[in-house]
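Biologist: I have the sequence and the model open side by side. Can we go through a few spots together?

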Amino acid sequence: FTGDPSATFLMAALHRAGFANQPTSEHRDDGLRLHDAYILAALRCAPPNDRPTAREMAQCRSFMEEEMGLLPNVRAVLALGRIGFDAYLRTVAGLVGKRPPFRHGARHDLGDGLPTLFASYHPSPRNTNTGRLTAEAFAEVLADIREHLQAGS
């Protein structure tokens with residue numbers, strides 16, 4: 001999430017919510033620092049038409065699993081879009097009972113010591129330009145996450 005319209009929307013929102021030290025991310029060394037947040041990618045490249053194949057998802061899963069293993073103290077996960085939501089659930093599939101439904105603004109307690117899963121539409125131009133995802137709707141999700149984190153500290 002650097003240097004594209006999705007990053008512009010996401011970083012501005014993270015900054016307003018107190019999760020980032022600056023409202024932009026243009027390149028790797030631009031000074032961006034996240035607070036109480038880490039961005040983990042379900043995919044390593046943008047697939048054609050923003051629709052990854054099952055094979056592409058499977059090829060990237062090991063990277064996601066490895067990164068998740070390096071983050072033992074995660075208390076909340078925000079899945080951006082159904083693709084991110086499904087990728088996370090596939091990664092923890094053996095630990096989750098009934099699969100929760102994707103819905104923007106949803107909050108799911110997965111049990112078994114897993115982080116609480118929050119869901120949002122992806123901040124892609126397709127969603128933000130059409131009004132499917134507004135800055136206000138995304139801010140509400142981030143506020144819910146902040147409240148969850150503060151309640152547990």
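This is a predicted model: local features need pLDDT of at least 70, side-chain atom pairs count only at pLDDT 80 or more; totals for chains, interfaces and linings use all residues.

Modeller: Start with helix H5, residues 135-151. Its 17 residues, at 1.5 Å a residue, should span 24 Å, and the end C-alpha atoms agree because they are 24 Å apart.

Biologist: Which strands are included in what covers the buried residues of H5?

Modeller: The buried residues of H5 include Ala-137, Phe-138, Val-141 and Leu-142. Asp-144, Arg-146 and His-148 are also among them. Helix H1 (5-16) is part of the cover. The strands included are S1 (76-80), S2 and S3 (116-120).

Biologist: Is His-108 buried or exposed?

Modeller: His-108 belongs to strand S2, residues 107-108. Its relative accessible area is 14%. Buried means under 20%, so His-108 is buried.

Biologist: Why does Phe-63 count as partly exposed?

Modeller: Phe-63 lies in helix H2, residues 54-69. Partly exposed runs between the buried cut-off of 20% and the exposed cut-off of 50%. Phe-63 falls in that range because its relative accessible area is 41%.

Biologist: What distance separates the C-alpha atoms of Phe-63 and Ala-42?

Modeller: Along the chain, Phe-63 and Ala-42 are 21 residues apart.

Note on methods:
Residues are numbered from 1 along each chain as its sequence is written. Side-chain values use heavy atoms; hydrogens and water are left out. Helices (H or I, at least four residues) and strands (E, at least two) are DSSP runs, numbered from the N terminus. Buried means under 20% relative accessible area, exposed over 50%, partly exposed in between (1.4 Å probe, protein chains only). The expected span of a helix is 1.5 Å times one less than its number of residues. Contact means heavy atoms within 4.5 Å.
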